[in-house]
Amino acid sequence: MSTTTFTPRTVLITGGNRGIGYAIASEFVAQGHRVAVTARSGEGPAGTLTVRADVTDSASIDAAFTEVEAALGPVEVVVANAGITRDTLLMRMSETDFTAVIDANLTGAFRVVKRSSKGMLKARFGRIILISSVVGLYGSAGQVNYSSSKAGLVGLARSVTRELGARGITANVVAPGFIETEMTAELSDALQTEYKKSIPAGRFATPTEVARVVTWLASDDAAYISGAVIPVDGGLGMGH
Ligand code: NDP
């Protein structure tokens, strides 16, 4: 009979006060890990340590990591989840609309990954998981900024894999499709029905369905997976 090993880890998730980040934090807590979340406002789920951080500010990221390390030990698993949208068509998109989204979603992930790599290199262990989106590789009208930032995460994870792969560190991308969050709840019924028609699964996913893929990538069972893009999109991107 085969057995699966379980090692409790120190986990840090950015943007863990709501949506997908909250679900990821809940799932890690349920599995018995030591879990911290960053939040600009609000709190992570029960059982987590909430620290204040803004991913557009390196100093605040550094302070958040230092606080988590002091309370829970070196960060072994990091999930770069915080993200924003500023959608508009290319012709109307200002340079500020573009760079603000890149700064939060892509440079923000870079800041978090760079800070986490310090402790991971020392420990010769690490799991880096970047929350991208199906539109990173699929493209999306009105989201030139957002899809560019999400595609950039693939290059980030793959380059980190090549740099740090021999030190017990993996870096992977999770690419969700439509997830039931505040964002998708705001869509009209007609638009929701139209989107669902284009998804082979015929439905949106729950945040927990994304969270379980993230916890699996952090597990001992996923030790030999790195540089991968794992879609959680009901077939929308056809595996990219
Ligand atoms: P939400 O809008 O519900 O939450 C976004 C989170 O990111 C919040 O915790 C927010 O914090 C945080 N955040 C935003 N900007 C910053 C910043 N500068 N510094 C720190 N934290 C910040 O999003 P979702 O839960 O829906 O999405 C989570 C991730 O999943 C995002 O990266 C998103 O792009 C991605 N995704 C979502 C999909 C969906 O259908 N919902 C589909 C595909 C990908 P605060 O509360 O303080 O604003």
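## Sheet and helices in a predicted model

Helix α2 passes helix α3 in a right-handed crossing; a crossing is right-handed if the near helix is turned clockwise from the far one by less than a right angle, and left-handed if anticlockwise. The axes of α2 and α3 come within 10 Å and cross at roughly 40°. That makes α2 oblique to α3, where angles under 35 degrees count as roughly parallel, over 145 as roughly antiparallel, 65 to 115 as roughly perpendicular and the rest as oblique. On the α2 side the contact is made by Ser58, Ile61, Asp62, Phe65, Thr66 and Glu69, and on the α3 side by Arg111, Val112, Arg115 and Ser116. Contact means heavy atoms within 4.5 Å. Axes are lines fitted to C-alpha atoms, for helices over the stretch in contact, and angles run from 0 to 180 degrees between N-to-C directions.

This is a predicted model, in which local features need pLDDT of at least 70 and side-chain atom pairs count only at pLDDT 80 or more, while totals for chains, interfaces and linings use all residues. Residues are numbered from 1 along each chain as its sequence is written, and side-chain values use heavy atoms, with hydrogens and water left out. Helices (H or I, at least four residues) and strands (E, at least two) are DSSP runs, numbered from the N terminus.

### The sheet

An open sheet of 7 strands has the order β3-β2-β1-β4-β5-β6-β7, with parallel pairing. The edge strands are β3 and β7 (229-232), each of which pairs on one side only. From one strand to the next, the twist averages 20°. Helix α2 (residues 58-72) packs on this sheet and touches β1, β2, β3 and β4; the direction of α2 makes about 150° with that of β3. Helix α5 also packs on the sheet, touching β5, β6 and β7, and the direction of α5 makes about 165° with that of β6.

Strands of a sheet pair through backbone hydrogen bonds, either parallel or antiparallel. Here two strands are said to pair if DSSP finds at least two bridges between them. The table lists four of the pairs.

| Strand pair | Sense | Bridges |
|---|---|---|
| β1 (residues 10-13) and β2 | parallel | 4 bridges |
| β2 and β3 (residues 48-52) | parallel | 5 bridges |
| β4 (residues 77-80) and β5 | parallel | 4 bridges |
| β5 and β6 (residues 169-176) | parallel | 6 bridges |

### Around β2

Val11 has its bridge partner in β2, namely Val35. Between β1 and β2 the chain passes through helix α1 (residues 19-30), and this β-α-β crossover is right-handed. A crossover is right-handed if, with the strands pointing away from the viewer, the path from the first strand over the helix to the second runs clockwise. Toward β3, Thr38 stands opposite Val51. Strand β2 (residues 34-39) is largely enclosed by the rest of the structure, because 5 of its 6 residues are buried. Buried means under 20% relative accessible area, exposed over 50%, and partly exposed in between (1.4 Å probe, protein chains only).

### Around β5

Strand β5 (residues 126-131) is mostly covered, with 6 of its 6 residues buried. Gly126, Ile128 and Leu130 lie on one side and Arg127, Ile129 and Ile131 on the other, and both faces are covered. Arg127 stands opposite Val77. In β6, the bridge partner of Gly126 is Ile169, and that of Ile129 is Asn172.

### The α3 and α5 pair

Helix α3 (residues 95-123) and helix α5 (residues 144-164) have axes 8 Å apart and pack at an angle of about 20°. That makes α3 roughly parallel to α5. The crossing in which α3 passes α5 is right-handed. Residues of α3 that meet α5 include Phe98, Ile102, Leu106 and Phe110, and those of α5 that meet α3 include Tyr146, Leu153, Leu156 and Val160.

### Two residues with positive phi

Most residues other than glycine have a negative phi, and most peptide bonds are trans. Arg124 is not a glycine, yet has a positive phi of about 50°. Arg124 is found in the loop between α3 and β5 and counts as exposed, because its relative accessibility is 51%. Met238, in the segment after β7, has a positive phi near 50°. Met238 is exposed too, with a relative accessible area of 67%.
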